[in-house]
Amino acid sequence: MSTRTGPMRGRPRLFTSYKTETSILPTWTKRIAMGLFLLVLVLMPFDLPIISQLPFVRFLGDDIWLRIVNSVLIFVIAAVGLNLLLGVAGQVSLGHAFFMGVGAYAGVVLGADSGGSLWGWGLPIWIWLPGAGLAAALVGIIVAPAAVRVRGLYLAIVTLGLVFLGQHFGRMFDFIAGPAGLGRKWPTFDIRLWKEEEPLVDMSSGGHWLWFDITKNAKTYLFLL
């Protein structure tokens, strides 16, 4: 009896274990390719000779495209959550945008400075970043007792209602979300111990990273990555 747990040689689509079949990177070819892709992704903002000779990579490494890549990485998080809920658990949910909004509002209140009628505590990133995720998880725990009692389209209707509630609260609580259509300034990604003026790592201006000169957009991209 064979003891192989991966795909058979010469037959990459034939798996001998459920664990390997459901894994994201079941073969060494995919693992190496993903490793090289992540390496290029990390080195993309730097003006390195090898990377600079790849036109497509340097094209994506421009300042304008870095903002788009940042947005893509944010929505990748939501896509992974949808895959777990719909693809793995088989439940239909349309409320992921609501929980992303809860995390965003929590992050901006914890991390941004207050001004005028806007709430803001100005806490460092090591507090407001995990706090945003914890706030979304806490709201999920509150909603869970009602959501686990429905299935299928009924669950989709319940979660879709959360999106409309989030839009309504966003307009009603403008001291959190800012004026309608304008929003508010997002907290910087500077790394501070507390609220000192000079951060330990400045993500808001150009400087050095791993002995290379990079722009502020590249530093923000690396931090989000």
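Guide: Rings of Phe, Tyr and Trp, the last represented by its six-membered ring, form a pair if their centres lie within 6.5 Å. The model under discussion is a predicted one. In this model, ring pairs join W119, F169, F173 and F175 into a cluster.

Visitor: How many aromatic pairs does the structure hold, and what makes the pair of F169 and F173 stacked?

Guide: There are six aromatic pairs in the structure. The ring centres of F169 and F173 are 5.7 Å apart, and their planes meet at 20°. Planes under 30 degrees apart count as stacked, and the 20° of F169 and F173 therefore makes this pair stacked.

Visitor: Why is the pair of F173 and F175 called tilted?

Guide: The centres of these two rings, F173 and F175, lie 5.6 Å apart, with the planes at 50°.

Visitor: How do you know that the length of α6 agrees with its number of residues?

Guide: The expected span is 1.5 Å times one less than the number of residues. For the 16 residues of α6 this gives 22 Å, and the end C-alpha atoms are 22 Å apart, so the two agree. Among the buried residues of α6 are H96, F98, V102 and L110.

Visitor: Is A79 buried, exposed or partly exposed, and why?

Guide: A79 belongs to helix α5. Its relative accessible area is 42%; this lies between the 20% and 50% cut-offs, so A79 is partly exposed.

Visitor: What volume does the largest pocket have, and which helix supplies the largest share of its lining?

Guide: The volume of the largest pocket is about 1300 Å³. It is lined by 38 residues, and those closest to its centre are I74, I77, A78, F99 and M100. Helix α5 supplies the largest share of this lining, ten residues. By class, the lining of the largest pocket has 26 nonpolar residues, eleven polar and one charged.

Visitor: What lines the second largest pocket, and which helix gives the most to that lining?

Guide: The second largest pocket has a volume of about 710 Å³. Its lining has 29 residues, with G101, V102, Y105, G166 and G170 nearest the centre. Two or more lining residues come from each of α6, α7, α8 and α9. Helix α6 gives the most, eight residues. The lining of the second largest pocket comprises 20 nonpolar, seven polar and two charged residues.

Key: Residues numbered from 1 in each chain as written. Predicted model: local features only at pLDDT ≥ 70, side-chain atom pairs only at ≥ 80, totals over all residues. Heavy atoms only, no water. 1 Å grid on protein atoms, 1.4 Å probe; cavity = no way out; pocket = protein on both sides within 12 Å on 5 of 7 lines; lining within 4 Å. Points joined across faces, edges and corners; volume = space filled by probe spheres on them. Helix = DSSP H or I, 4+ residues; strand = E, 2+ residues; numbered from the N terminus. Nonpolar A, V, L, I, M, F, W, Y, C, P; charged D, E, K, R; others polar. Buried < 20%, exposed > 50% of the residue type's maximum accessible area, 1.4 Å probe, protein only. Phe/Tyr/Trp six-rings, centres within 6.5 Å; stacked < 30°, edge-to-face > 60°.
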